[in-house]
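Please look over the sequence and the model shown here before reading on.

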Amino acid sequence: MEKSNDTELLLMLHDEKQRRKAFNILVEQYSESLYWQIRKMVLSHDDANDILQNTLLKSWINIDNFRGDSKISTWLFRIAINETYTFLNKEKQKNQTNFTDLDDAMVQNLEGDPWFSGDEAAKKLQKAILTLPDKQRLVFNMKYYDEMKYEEISEVLGTSVGALKASYHYAVQKIEAYLALDL
Amino acid sequence: MPIHNLFENEMKQNNLPLKEIGDKTVFNVPENYFVNFKAELGKRLDALEKGRFQAENIAQTPTKSKRFVLRMETARPYLYIAAMFVLLLFSISMILNYTSNKSSSSLGLSVESSSSKSAIYVPTAEDYLINSVGTYGITEYYLDSENIE
């Protein structure tokens, strides 16, 4: 995930004169990977776009608070994850008031989504992934799709490697069970 | 062997349906999305910065009440000096009054007593006689032969 010299970029970000230029570099480097993480969680392109914008705007506002204790990528991923959780919780609340299930609503949206090109099997996999709790879904996406190392996931989520391995294992089991039922 | 290694070995053997589906992303984005995204974000950043600049300006521009407070703040030392000056003058005049009263009373020339004398008329015995007898009675008294010896 680390693409450029973090220290150099951080110095530029903390310099008022170079801040905007450095932020453009940051956006160039990380927006795509952030987008895909968010997209896999919310499924809809429009929602992912909104969350990504909010994530980067929040990071811009809070640059002064970031002292380089972690990698820039980790910091950005944490903001993106928080924004995604906030969005999902709001959506859950909305759906609760409408007496509908968020997972069902997300799958239904997927059916008519022009930016989804998966076949039936891929749709079923998305349905299966949606049965997982949010954090387990995130772990599954990071490992299964992005092939991130457990150590990297641990750094982003602040969870131990052992717990992540167990979480991923159970996620795979649940998905397999779901697919076995449906396929 | 740690428990998570057991999990991994187990997964390698059992994730057949997942393998069949594959891990290719099935999501797409509009054409030139990431290029356009940067431009769109740039606009939002400009708006944010403009808004922040305006907000800072608003915060720095004092309101009517704040302006009054600021004026009061600048005028405060001058007001204190003026108040001190007035107090000083008052005390000096009081001291001067006190000392002059004391000196006049010690000489027996009270201002109050002299003024009270001129203000209150004290009748004499002659006045009393004129008032009670009248001028006619006095003339008769002197013209009465019996009274002239």
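## Where the two chains meet

In this predicted model, 46 residues of chain A are in contact with 34 residues of chain B. The size of an interface is often given as the accessible area lost when the parts come together. Between chain A and chain B about 3700 Å² is buried, and 67% of it lies on carbon and sulfur atoms.

## Polar and charged pairs across the interface

Between chain A and chain B, nine residue pairs are counted in polar contact, both residues having pLDDT 80 or more. The rule also finds two salt bridges across this interface, and one of them joins Glu28(A) to Lys38(B), with the closest N and O atoms 3.3 Å apart.

## The side that chain A presents

On the side of chain A that touches chain B, at least two residues each are supplied by α2, α3 (45-61), α6 (120-130), α7 (134-144) and α9 (161-182) of chain A. The most comes from α9(A), which gives eleven residues to this side. Sorted by class, the side of chain A that touches chain B consists of 27 nonpolar, eleven polar and eight charged residues.

## The largest nonpolar core

The largest nonpolar core has 68 residues, and those with the most contacts inside it are Phe23(A), Leu26(A), Leu56(A), Ile72(A), Phe140(A), Met142(A) and Leu157(A). Helix α2 of chain A, which spans residues 19-42, provides the largest share of this core, with eleven residues; α2 of chain A is also among the helices that supply at least two residues to the side touching chain B.

Definitions and conventions: Residues are numbered from 1 along each chain as its sequence is written. Chains are lettered from A and ligands numbered from 1 in the order in which they are written. This is a predicted model: local features need pLDDT of at least 70, side-chain atom pairs count only at pLDDT 80 or more; totals for chains, interfaces and linings use all residues. Side-chain values use heavy atoms; hydrogens and water are left out. A nonpolar core is a set of buried Ala, Val, Leu, Ile, Met, Phe, Trp, Tyr and Cys residues joined through side-chain atoms within 4.5 Å. Buried means under 20% relative accessible area, exposed over 50%, partly exposed in between (1.4 Å probe, protein chains only). Helices (H or I, at least four residues) and strands (E, at least two) are DSSP runs, numbered from the N terminus. Contact means heavy atoms within 4.5 Å. Buried area is the accessible area (1.4 Å probe) that two parts lose on being put together, summed over both. A salt bridge is a side-chain nitrogen of Lys or Arg within 4 Å of a carboxyl oxygen of Asp or Glu. A polar contact is a pair of N or O atoms within 3.5 Å; within protein, one must be able to donate a hydrogen and the other to accept it, and residues adjacent in sequence count only if both atoms are side-chain atoms. Ala, Val, Leu, Ile, Met, Phe, Trp, Tyr, Cys and Pro count as nonpolar, Asp, Glu, Lys and Arg as charged, and the others, Gly among them, as polar.
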